[in-house]
Amino acid sequence: MRTKFIIYSLGIALNIINATWAQSPSPSVDASPVTVFSNVRIFDGKSGKLSAPSNVLVRGNVIEKISITPIPTDRRADTVLIDGGGRTLMPGLIDNHWHTMMARPSVAQLLNGDVGHLYLVAGAEANDTLMRGFTTIRDLGGPSFGLKQAIDEGTIIGPRIFPSGAMITVTSGHGDFRQPWELPRVVGAPLSRGEQLGAAMIADSPDEVRVRVREQLMQGASQIKLTAGGGVASPHSPLDVTAFTLEELQAAVEAASNWGTYVTVHAYTPESIQRSIAAGVKCIEHGHLMDEATAKLMADKGIWLSMQALPDELAEAFPPGSFEREKAAEVFAGTDTTYKLAKKYNIKTAWGTDVLFSAALARQQGALLTKLVQWYTPAEVLIKATSTNAQLLALSGKRNPYPGKLGVVEEGALADLLLVEGDPLANIKLLEDPGKNFVVIMKDGKIHKNTLSK
Ligand SMILES: [Zn+2]
């Protein structure tokens with residue numbers, strides 16, 4: 001009975017599709033929306049200097065032409081002409097360590113609040129993330145699949161999302177937010193709240209790791225995130241612990257690489273980083289407690305470091321004297337050492353904020369980027385947040401949800417663009433006030449903000 005109904009329904013669906021095709025004219029390239037930026041100085045995401053005054057034509061979602069001479073257009077009524085007035089055109093910013101579902105709510109809201117509320121808050125935050133000039137984020141843990149779908153289909157406004165799905169942790173590891181009364185865990189028993197949400201999944205054997213990894217891939221994960229060592233925000237994980245065994249990490253790497261993508265791990269200590277690399281992990285998140293030998297290993301093996309200068313406000317979220325606050329102090333003290341090691345050994349270094357549970361910090365996303373001028377020139381910082389970050393995103397291979405070039409302004413690249421009031425290479429602080437200084441924000445060829453008259 002059920003089968004018959006499905007076949008009948010399929011028949012109707014096919015008839016509707018056929019009728020739609022018969023009515024609508026075949027799509028032609030020329031029907032794509034066109035935007036022309038004239039008189040802009042281009043920061044292309046790769047070179048540390050601005051171009052001569054140039055013109056840029058965007059057709060559909062692609063940068064079609066860049067020229068120092070005027071680009072003739074057919075002047076269709078719907079062609080958008082933007083006179084840049086000598087302002088800077090640059091690639092949209094990329095945050096390679098973001099949590100779309102966990103940036104704005106409090107820990108209590110995440111663990112106890114209504115799920116519908118969490119999604120609506122995340123939707124509002126996604127809108128604001130794009131309005132801060134971040135056109136792409138790599139989500140490093142949380143149930144971001146539905147949010148990504150709503151953004152990609154145009155239901156709501158937000159950045160491109162490279163989702164990891166749930167971060168995978170061991171019992172008591174970073175990501176295990178259970179209370180002691182929830183122990184013991186029985187395989188097959190109802191999941192904890194964090195697992196039900198898809199924020200984190202607990203796995204304590206190679207077989208369990210494989211299941212959890214494949215579940216994230218099934219939902220559309222573009223990369224897999226494991227927590228290989230202790231973390232600051234987690235109540236049961238000391239910083240010094242090494243979480244997964246080599247065999248468990250290898251199981252994750254094998255499952256991910258069978259799927260054409262990679263594993264990245266949360267890890268601070270030399271032990272957790274080195275074991276992860278031995279298992280085939282391609283990227284280390286944080287690394288704040290690494291030593292010289294580990295830095296050299298990362299450089300020799302071409303392992304990515306996805307790093308940030310964690311803001312003091314993050315530590316202040318925890319009460320003075322608390323376990324979490326003490327761990328924060330230890331990790332934060334390692335920031336300077338790790339950035340210096342990364343530079344000394346020329347480690348491939350990406351950047352991401354890792355804002356968690358703080359609406360106020362989320363609003364400072366751009367300011368968290370400009371903090372890097374303690375270690376890098378403004379040009380290096382801007383290159384890091386655009387083309388370098390895009391190189392890390394490209395590790396997702398065939399699981400990349402947005403095939404095409406990101407993080408650069410060049411012909412053929414995806415049209416994620418910011419028009420900046422001023423020169424961010426000369427004054428990187430412009431990024432700290434995106435509401436004022438980003439006068440045009442374009443993602444995937446669509447203009448989401450334009451304060452200039454046409
Ligand atoms: Zn994180």
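In the predicted model, Leu246, Leu249, Gln250 and Val253 of helix α7 are in contact with Arg275, Ser276, Ala278 and Ala279 of helix α8. Helix α7 spans residues 246-258 and helix α8 spans residues 270-279; the two pack at an angle of about 50°, and their axes lie 8 Å apart. Helix α7 is therefore oblique to α8. The handedness of the crossing between α7 and α8 is right-handed.

Salt bridges were examined next. The structure contains 20 salt bridges, one of which joins Glu421 to Arg87, with 3.1 Å between the closest N and O atoms. This pair connects distant parts of the chain, its members being 334 residues apart. Glu421 is located in the loop between β16 (417-420) and α16 (434-437), whereas Arg87 is located in the loop between β4 (80-83) and β5 (88-91). Glu421 has a relative accessibility of 35% and therefore counts as partly exposed. Arg87, by contrast, is buried, because its relative accessible area is 17%, and the cut-off for a buried residue is under 20%.

A second salt bridge is formed by the side chains of Arg104 and Glu125, with an N to O distance of 2.9 Å. This pair also links distant parts of the chain: Arg104 belongs to the loop between β6 (93-98) and α2 (107-112), while Glu125 belongs to helix α3 (residues 115-131), and 21 residues separate them. With a relative accessibility of 25%, Arg104 counts as partly exposed. Glu125 counts as buried, because its relative accessibility is 2%.

The side chains of Arg210 and Asp207 meet at 2.8 Å, N to O. Both residues are part of helix α6 (residues 206-218), where Arg210 and Asp207 are three residues apart, about one turn of the helix. Arg210 counts as partly exposed, because its relative accessibility is 22%. Asp207, at 52% relative accessibility, counts as exposed, since the cut-off for an exposed residue is over 50%.

Note on methods: Residues numbered from 1 in each chain as written. Predicted model: local features only at pLDDT ≥ 70, side-chain atom pairs only at ≥ 80, totals over all residues. Heavy atoms only, no water. Axes fitted to C-alpha atoms, helices over the stretch in contact; angles between N-to-C directions. Helix = DSSP H or I, 4+ residues; strand = E, 2+ residues; numbered from the N terminus. Parallel < 35°, antiparallel > 145°, perpendicular 65-115°, else oblique. Left-handed = near helix turned anticlockwise from the far one by under 90°. Contact = heavy atoms within 4.5 Å. Salt bridge = Lys/Arg side-chain N within 4 Å of Asp/Glu carboxyl O. Buried < 20%, exposed > 50% of the residue type's maximum accessible area, 1.4 Å probe, protein only.
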